[in-house]
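This report describes the fold and some of the packing in the structure shown below.

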Amino acid sequence: MALPAILKNLPLPVIGSPLFIISNPKLVIEQCKAGIVGAMPALNARPAEQLDEWLAEITETLAAWNRDHPDRPAAPFAINQIVHKSNERLEHDMQVCAKYKVPIVITSLGAREDVNQAVHAWGGIVLHDIINNKFAKKAIEKGADGLIAVAAGAGGHAGVKSPFALVQEIREWFDGPLALSGAMATGDAILAAQAMGADLAYIGSAFIATVEARASEAYKQMIVASNSDDIVYSNLFTGVHGNYLRGSVVAAGLDPDHLPESDPSKMNFGGGAAKAWKDIWGSGQGIGAIKQVLPAAELVARLKREYAAARSRLAL
């Protein structure tokens with residue numbers, strides 16, 4: 001399976017998934033320094049002008065790290081762009097990404113040739129997240145370089161496909177970069193993703209419970225205290241189905257077992273959605289493995305130890 005040079009030789013084959021509201025430059029920088037791809041949504045920078053400041057901070061800090069640590073350079077970083085028509089900031093945010101030549105752009109909620117071409121023009125690559133094989137084929141047809149398969153159990157906007165089925169179907173026709181998302185929070189899960197045919201694991205919820213994450217302490221502690229039984233799947237909050245912490249739904253005065261369906265045509269990923277994500281907390285099913293709030297570097301170190309131990313057990 002062919003990987004572009006930018007994704008080869010990562011100390012740990014992981015992308016830290018972009019977390020709406022929660023990811024910030026501090027978290028991205030620590031993820032990259034620890035050896036995994038750090039990522040954040042462009043929409044996390046508010047007002048829009050802040051994105052320029054954040055990208056300057058990330059690029060300058062990582063460049064300085066690389067000068068001082070030539071023996072262990074930082075992994076590349078990624079910016080997530082919501083390409084759905086409701087995102088009125090897309091053109092502005094793409095221009096800022098072009099200014100800093102963002103190495104990896106993760107696109108969500110629609111595949112667009114113009115966005116892919118713009119990223120390629122400055123030398124970056126595009127990974128598009130999908131929930132089924134049909135969307136995967138459309139993304140590659142429109143020029144994406146790789147795919148992020150969002151399987152059942154992933155945090156936030158997630159699909160319902162088993163990772164075994166989804167990866168197998170994609171690998172029947174696509175041999176390019178493939179990351180797998182869905183209930184992964186251990187080094188064993190990273191190796192399992194590779195065994196199924198993915199190149200990289202795409203891990204998000206575990207990084208909510210890190211020191212650098214821009215989440216409330218209550219949110220972090222709920223991640224630590226919860227497990228897969230505490231996850232609710234609903235499209236009520238943004239118009240797209242996603243996984244959320246049951247405790248946050250209850251705290252909002254709603255019955256998590258009797259949530260109404262939302263109208264998908266009224267999707268909103270701008271300011272309206274921000275309130276939903278702020279009050280209704282996204283999370284994947286893998287959080288049973290998260291036992292404490294840690295610095296991001298310590299979490300990555302744990303994943304590295306577990307990944308090495310899993311490989312050793314299987315004599316790989």
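Is Tyr-219 buried or exposed? In this predicted model, Tyr-219 is buried, because its relative accessible area is 5% and the cut-off for a buried residue is under 20%.

**Aromatic pairs**

Three aromatic pairs turn up when the whole structure is searched. One of them is formed by Tyr-219 and Trp-281, which are stacked with 4.7 Å centre to centre and 10 degrees between the planes. This pair links distant parts of the chain: Tyr-219 belongs to helix H8 (residues 217–225), whereas Trp-281 sits in the loop between helix H10 (271–279) and helix H11 (296–313), 62 residues apart. Trp-281 is buried as well, with a relative accessible area of 13%.

Phe-237 and Tyr-244 make up another of the pairs; their ring planes stand at 75 degrees, so the pair is edge-to-face. Both of these residues are buried. The two pairs are set out here.

| Pair | Centre to centre | Angle between planes | Arrangement |
|---|---|---|---|
| Tyr-219 and Trp-281 | 4.7 Å | 10 degrees | stacked |
| Phe-237 and Tyr-244 | 5.0 Å | 75 degrees | edge-to-face |

**The sheet**

The protein chain has 11 helices and 11 strands. Eight strands build an open sheet with parallel pairing, in the order E1-E9-E8-E6-E5-E4-E3-E2. At the edges stand strand E1 (14–16) and strand E2 (38–41); each has a single partner strand, so one side of each lacks a neighbour in the sheet. On average, and with direction ignored, neighbouring strands of this sheet are turned by 25 degrees against each other.

Strands of a sheet pair through backbone hydrogen bonds, either parallel or antiparallel. Strand E3 (residues 77–82) and strand E4 (residues 104–108) run parallel and are joined by five bridges. Here Asn-80 stands opposite Ile-106 in E4. Helix H4 (residues 113–121) lies across E4 and strand E5 (125–130), and runs at about 150 degrees to E5.

**The chain as a whole**

Along the principal axes, the C-alpha trace spans about 50 × 45 × 40 Å. Of the 316 residues, 54% count as buried. Among contacts with a separation of 6 or more, 66% are between residues 24 or more positions apart. The accessible surface comes to about 13,400 Å², and 53% of this surface belongs to carbon and sulfur atoms.

How values were computed: Residues numbered from 1 in each chain as written. Predicted model: local features only at pLDDT ≥ 70, side-chain atom pairs only at ≥ 80, totals over all residues. Heavy atoms only, no water. Phe/Tyr/Trp six-rings, centres within 6.5 Å; stacked < 30°, edge-to-face > 60°. Helix = DSSP H or I, 4+ residues; strand = E, 2+ residues; numbered from the N terminus. Buried < 20%, exposed > 50% of the residue type's maximum accessible area, 1.4 Å probe, protein only. Pairing = 2+ DSSP bridges. Axes fitted to C-alpha atoms, helices over the stretch in contact; angles between N-to-C directions. Contact = heavy atoms within 4.5 Å. Areas by Shrake-Rupley, 256 points an atom, 1.4 Å probe, with all protein chains shown as cover.
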